[in-house]
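Please look over the sequence and the 3D structure shown below before reading on. The paragraphs after it are meant to be read with both in view.

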Amino acid sequence: MSKDAKSVTRPKLVKTEPDAELPLERALLVKIHDLMVKARVLEERLIQMYKQGHGYFWIGGPGEEAFNVPLGLLMKPGEGPAFDYLHAHYRQSATLLAMGEPPIGALRQMKNVATDPYSGGRNFAGHFAIKKWNVVPVSSPIEVQYAMAPGTALAQKRHGGDGITVVTGGDAGTAEGDFATCLIWSTRPGNELPVLVVVTHNQWGISTAAATQQANPDIAERGKAFGMRTRTIDGNDPINAYLELKEAFDYVRKERKPFLLEAKVSRLYGHSSASGANFVTAEVDCVKSYEERLERAGVLTRAEMDGVRRHWTDTIAQAARTVRDEPQPAPETIWDHIFKEKG
Amino acid sequence: MANMAQAIRMALHYAEENLGVTDIFGEDVGPPLGGVFTATQGLKTAWNSPLDERGIIGTAMGLAMAGQRPVAEIQFCDYIYNVIDLLKLAGNTYWASNGQFNLPMVVKTPVGSGIRGSIYHSHSFDATATHIPGWKVVMPSNPLDAYGLMISACRELNPVMYLEPKALLRIRGEQPIPGEPGDDKALSKMIDAPLGDRTKWKPKWPALTDYAVPIGEAKIVRPGSHLTVVSYGRTLPLCVKAAKAAAEEEQIDCEVIDLRSLWPYDWACLKASIQKTGRVLYVNEDTEVTNFGEHLIRRTTDELFYQLLAPPTLLAGKFIPGIGLADNLEMASVPQLNDIRESIRKLAAEAP
């Protein structure tokens, strides 16, 4: 823990019965579990759709649910600078679900049907764009969101209030100059920006191990050179992630200054369908470990948790059946939305 | 009359007062310098950015996403190449989000030769800019159009690439900007930052108007019947000179069209002129391979082949890696007056 972090008031840790060890209210623990399972089931359905030929390419975030769900729960969704902006990368489905997005949209984008609410069948899975919630379009380049985030944050600083900008990316992408751009533009003296800079560190860039490319294993360290508050956390533990994120969100909202948060996470189905999208057993499965913990603490029984998984499996399978029969976008729609004509 | 840099400055002042422009920014754009060509002196929303083109374009995109209206500057277009994927992204954001996120942003950047700028201050960007769908691309050739195009750019709902022919930035216009005082010295005293300490200086702006040049409208700057010359930016005034000389010395009557907007462009204007003359010369100074003029030639042959009296011709910059500093090198690299005259003569001599 950095010196800075120690001096800041930690959120009140609510002790609950029957398990005094878990420092969040039971309802929140259960909600986080529900969303983590829902997100995992969604990603596994997307992978299955890819393997069955109901989509050309899969990329997503199974393995990051323990971090991404709390992130979504802490967002302040809405449109305009009074609300939070999310500059996400393509492993963020759990965050979107936690914000309240129905899973069928992701299935529609996977199947590239006309009803795809994010891109109208134009973009890959996981490339969300939701104007009414300030979820700016996710794009495939792994770094550009870091260059855009200072812009929305500057508008928010000007606007006042407590809306902040959240930008996320992976560890490999921080080798790009745009990551440095984000740190420089967020910390201009007198113009510090309300931006939460997130790096989910899964140790891989497709097939290249992070340890072979970046000398410092803790990317958050780089923020210190800019006088930023920084933190490296275990992102596989949703309780820890929630508490750490809460502290970071509170700091950025209140102080209107940047915070660099690095979360160590797993990558459970490889980079994308290009690398097979097969389950890996060598990494921590955050859903499994969280469920063991919930069961040990008596928060949920195994049977209850199996019920949650069954529920989402059935619900999302039903949604996939709905999507299966939906039409592709019409060829002439390629000409739609090149230029906006009216305000 | 105002020069082009003053015209751009006045349009930006009008835009920040009346059109909702919130940020005019880039390297050395704010005080004390107000831009390396002085085009942003005295503007209340102008500010200096880090020396980081990717941050400039990325921040402009973020500002536009959050309801602001930025005008971002890349100091010379030679330095815009490291943001090419961000330009692509800005161009596809509205389309990729299926009509959710449009980006009302202007990127202005000085282009082209004419100031002996050597390899990294002489490049053109029109060929590359017109390869990036989702952008509107404009390029004035005189101060009045520079004013009017900037007003239109600042009203746009989409990204606009505003190319400034740097050789013309200091050239005075022949037509006044509506509202500018008749006396050049009076204008300079009002809006040019003084030498030395500028910390207490504030400009006195003339009463300006919303005079606009619509994006997508070309202008016939010299009517003629024998041959059509289409150009924009630095080479446009040279084409006018060449046309005058051709009329006086060779009785060749050229119609000269200032394209002004490269995308979208005024095909109706070009088509009507080429149908009348049967001969067309396209002139610009970007490198000639995959040049925007080549697209115009392709469309000309596709649509007007049987009405042509001569092969459509492109006079453009040489396809070489840079523009050399020495006078001879620069002059040999990009079209000059004599090259245009020679091309006109050659085209006029063609017979089917």
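Predicted model: local features only at pLDDT ≥ 70, side-chain atom pairs only at ≥ 80, totals over all residues.

What follows is a walk through this model, from the contact between its chains to its cores, helices and some particular loop residues.

On one side 38 residues of chain B take part, and they are in contact with 40 residues of chain A. The size of an interface is often given as the accessible area lost when the parts come together. For chain B and chain A that buried area is about 3,200 Å², of which 63% lies on carbon and sulfur atoms. On the side of chain B that touches chain A, at least two residues each come from strand 1 (23–26), strand 2 (46–48), helix 2 (53–65) and helix 3 (84–96) of chain B. Helix 2 of chain B gives the most to this side, with nine residues.

The largest nonpolar core holds 151 residues, and the members that touch the most others are A:Phe67, A:Leu196, B:Met105, B:Met161 and B:Leu259. Helix 2 (residues 26–51) of chain A gives the most to this core, contributing twelve residues. A second, separate core has 41 residues, including B:Ala2, B:Ala146, B:Leu149 and B:Leu168. The surroundings of A:Leu196 can be followed in more detail: when its neighbours within four places in sequence are left aside, its contacts include A:Ile164, A:Thr165, A:Val166 and A:Val167, and among the others are A:Leu245, A:Ala248, A:Phe249, A:Val252, A:Phe259 and A:Leu261.

Helix 1 (residues 4–18) of chain B has 15 residues and reaches 21 Å from its first C-alpha to its last, close to the 21 Å expected at 1.5 Å a residue. This helix of chain B is mostly covered, with 13 of its 15 residues buried. At the start of helix 1 of chain B, a side-chain oxygen of B:Asn3 comes to within 3.1 Å of the backbone nitrogen of B:Ala5, while the helix is followed by B:Gly20, whose phi is positive, near 85°. In chain A, helix 11 (residues 302–324) has 23 residues that should span 33 Å at 1.5 Å a residue, and its end C-alpha atoms are 32 Å apart, which agrees. An α-helix has 3.6 residues a turn, so residues three or four places apart point the same way. The buried residues of helix 11 of chain A include A:Met305, A:Val308, A:Trp312, A:Ile316, A:Ala319, A:Ala320 and A:Val323, and what covers the buried residues of this helix includes helix 2, helix 5 (104–110) and helix 10 of chain A.

Loops can also hold covered residues. A:His271 lies in the loop between strand 7 (259–264) and helix 10 (286–296) of chain A. It counts as buried because its relative accessible area is 11%, under the 20% cut-off. Apart from its neighbours within four places in sequence, A:His271 is in contact with A:Ile59, A:Tyr90, A:Arg91 and A:Ile206. In chain B, B:Ile215 has its place in the loop between helix 6 (184–191) and strand 7 (219–222), and B:Ile215 is buried with a relative accessible area of 18%. Among the contacts of B:Ile215, leaving aside neighbours within four places in sequence, are B:Lys136, B:Val138, B:Trp263 and B:Pro264.

The last stop is the backbone. Most residues other than glycine have a negative phi, and most peptide bonds are trans. A cis peptide bond joins B:Trp263 and B:Pro264, with omega about -10°, and the bond from B:Pro31 to B:Pro32 is also cis, with omega near 5°. B:Pro32 lies in the loop between strand 1 and strand 2 of chain B, and B:Asp28, whose phi is positive, near 65°, has its place in the loop between those strands too. B:Asp28 counts as partly exposed, at 36% relative accessibility. B:Thr290 has a positive phi of about 50° although it is not a glycine, and B:Thr290 is partly exposed, with a relative accessible area of 48%.

Definitions and conventions
Residues numbered from 1 in each chain as written. Chains lettered and ligands numbered in written order. Heavy atoms only, no water. Helix = DSSP H or I, 4+ residues; strand = E, 2+ residues; numbered from the N terminus. Expected span 1.5 Å × (residues − 1). Buried < 20%, exposed > 50% of the residue type's maximum accessible area, 1.4 Å probe, protein only. Polar contact = N/O pair within 3.5 Å; in protein donor to acceptor, adjacent residues only side chain to side chain. Core = buried A, V, L, I, M, F, W, Y, C linked by side-chain atoms within 4.5 Å. Contact = heavy atoms within 4.5 Å. Buried area = accessible area lost by both parts, 1.4 Å probe.
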